Amino acid sequence: MSRISVLRLVVGLLLLAVVFESAPALVSGAKSKLHPSQAAVLAVLGKGWGRTFTNCSQASGLICGGNGMVIQMSLNNSQLVGTIPSVIGNLSLLQHLNLGVNQLTGPIPESIGNLTNLSYLGLFNNQLTGPMPPSLAGLSKLQTLTLSDNRLNGSLPDALGKLTALLRLNLDNNSLSGSLPAAISALSLLTYLSISDNLLNGTLPDSIGALSACQNLGLANNTLSGSLPASIGNLTNLVTLGLTNNSLSGRIPASISSLGKLEKLNLGFNLLSGALSNGIRRMTALTRIRLQNTSLSGTLPPGIGLLRRLKQIDLSHTGITSPLPDSMGQLDKLTELLMHGCQLNGSLPALLGNLTALQTLDLGSNSLSGEITSFISNLTRIETLDLSTNQLAGIVPDTISSIQRLRQLDLSYNKQLGGSIPSALGQLSNLTVLAINATSITCPLPSTPCEVPQSPTSAFCQACSNFCTSCSSANDSCSSFASNPCTEDGTCVSLGAANITTASSNYTCLCNPDADLVTTAIGTLTCIKTDPCTSYPSNPCGAGDCIPSPPAPAAAPKKGRPPLNTPYSCRCSAGATAGLGANGLPTCVSPPPPSQEPSNAVAMSTGAIIGIAVAAFAVLVCCITLVFLCWRWRSTSQSRQLANQGWQAEADRSYRKDDFF
């Protein structure tokens, strides 16, 4: 190896050391130093929140600009406690502030209005109290304001109207009161407005129709009163309208039919009255109509059948009357039809049989009469069927037993409904609730053998305990075995269920003429041929010789268990062990083959020795090379020193020694 090669090796090692030395700096490149003014603010915040902010990084929840000024603070779900210090208003370049899902208390500081560059402010899921500060009006760039799930009170400030860049406003689940300010109509870019679960009162202002970009309007669970303004029809981009559980009254304005993009209409639990307009036919995007617990009356308009995307209709506890329009039979995506406690009368509408996607049908507490017709069997996806508290007559049809997904069936309080419950209902494994008239509907009589083995805890058995007691006691019979316990040499016969406590005594075996009835070592009955050693497809003794035992008794009693009898014995070969097989009869078990682990261990040891030898040789070569390089360097140095002192002859000898190597 030349001196130049050695030099290159040294330089390479130095470069590698430099790379490793600089690696930590490269890894920490995502961090940046805080500006001194920001560091002072964060020191105050960290002291109150039990955190330490030393730099800007995603790990610390801070993102800074190139000048070290904080532009984003994301500390949601960080277990912060205490208040929001007013010093937070000094982070003047902050654009994104998320302190949601913590345990912050106290008011929202007025200084929050100094963060004029904010586009996102999220303080949701805390315990903040007090009113919304008027200084929020200074956040002219704010696009999202989320203060939901706190304890804020007071009225909505008019300052909200100055947040003209706002796209989303969520104030759900607080204690905000007062009326909806008219100034909110200035938020022309607003797409999401939700102030549900508060204490708002007063009426909906006509100016709400100015929120033309709004897609979600949620004001549920307040105390709003008055009528729905006709201007609500101007919100043509609405997808969800939620005004449930208020005190709104009057008729639903006809202008609501202009909401062609509306998918969810939730106006239940109000004082709305009048009939539903046929203009609803134009609201073809609807998937959910919830008008329950209102004073709506009249019949459903025929145009409802044009709403082919409908999945849920809830008109429970309204004054809607019969007949249901035939067009409803076209709603092939409808999964829930809830009309409990309406004013329906007459027979069950046959159109219901066309609603094959139904999972829940609740027509309870009406005045329906006539028989339960066979169309019910078309509803193969139904899980909940409630026809209780009507005037239905006749019998429960057998076809209802074909609805395999049925979980809850309520036919109670139909005094004229009689007959016997179809025993096939017991085959509905998903049935958890079965409510019937105990006085007019009877349970089926059990047959022998039992038709429908059932667990006494099932809904069917709770309704018909006598039937299921007989069934369940007969359940432990020939059919309870995975295969014929009497083998191919006999026939299993159930002996009934009276006073039976053990599995094997509930049956007997009728053995073929060339077989005997025996009791196995595990207590079960079976049939074995007279020469048992030849009755098996292979030697039953395995690693041994099969020796027939003396013949079993010529006849066995029809009931009961014969004396214990092993039809053969085994003479085990050397090394084999006598035992019982899975069928309870004798067999021989061979010892396991000798383990191969020692040879594997030797192989592993040989491989390890070879590896160690190779490694040792490599180390030896490296050591020899290192000694040679050191000697070469020392020899060269000595030669130069001798040359400098005029001892040229000694230097020549030294160089000749170099030639030798």
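Reader: Which side chains does a polar contact of 2.9 Å join here?

Author: A polar contact is a pair of N or O atoms within 3.5 Å; within protein, one must be able to donate a hydrogen and the other to accept it, and residues adjacent in sequence count only if both atoms are side-chain atoms. Here the side chains of Gln 312 and Glu 336 are joined by one of 2.9 Å. Bear in mind that this is a predicted model, where local features need pLDDT of at least 70, side-chain atom pairs count only at pLDDT 80 or more, and totals for chains, interfaces and linings use all residues. Residues are numbered from 1 along each chain as its sequence is written, and side-chain values use heavy atoms, with hydrogens and water left out.

Reader: Is Gln 312 buried or exposed?

Author: Buried means under 20% relative accessible area and exposed over 50%, with partly exposed in between (1.4 Å probe, protein chains only). Gln 312 counts as buried because its relative accessibility is 12%.

Reader: Where is Gln 312 found, and which residues is Gln 312 in contact with, leaving aside its neighbours within four places in sequence?

Author: Helices (H or I, at least four residues) and strands (E, at least two) are DSSP runs, numbered from the N terminus. Gln 312 belongs to strand 22, residues 312-314. Contact means heavy atoms within 4.5 Å. With neighbours within four places in sequence set aside, Gln 312 is in contact with Thr 287, Arg 288, Ile 289, Arg 290, Leu 334 and Glu 336.

Reader: On to the nonpolar cores. Which residues touch the most other members of the largest one?

Author: A nonpolar core is a set of buried Ala, Val, Leu, Ile, Met, Phe, Trp, Tyr and Cys residues joined through side-chain atoms within 4.5 Å. The largest here has 125 residues, and Met 73 and Leu 99 touch the most other members. Leaving aside neighbours within four places in sequence, the contacts of Met 73 include Leu 42, Leu 45, Trp 49, Leu 62 and Leu 99. There's also a second, separate core of eight residues, with Cys 492, Tyr 507, Cys 509 and Cys 527 among them.

Reader: How many disulfides does the structure hold?

Author: A disulfide is a covalent bond between the sulfur atoms of two cysteines. In the model, that's a pair of cysteine sulfur atoms within 2.5 Å. The structure holds three. One joins Cys 56 to Cys 64, S to S 1.5 Å, and both of these cysteines are buried.

Reader: What about Cys 541 and Cys 570?

Author: Their sulfur atoms sit 2.0 Å apart, and the link is left-handed, with -80° about the S-S bond. This pair links distant parts of the chain, 29 residues apart: Cys 541 is in the loop between strand 37 (525-529) and strand 38 (544-548), while Cys 570 is in strand 39 (residues 568-572). Cys 541 is buried, at a relative accessible area of 0%.

Reader: And which parts does the pair of Cys 572 and Cys 588 tie together?

Author: In this disulfide the sulfur atoms are 2.1 Å apart, and the link is left-handed too, at -85° about the S-S bond. Cys 572 lies in strand 39 and Cys 588 in strand 41 (residues 586-589), so parts 16 residues apart in sequence are tied together. Cys 572 counts as partly exposed, at 24% relative accessibility, whereas Cys 588 is buried, with a relative accessible area of 7%.
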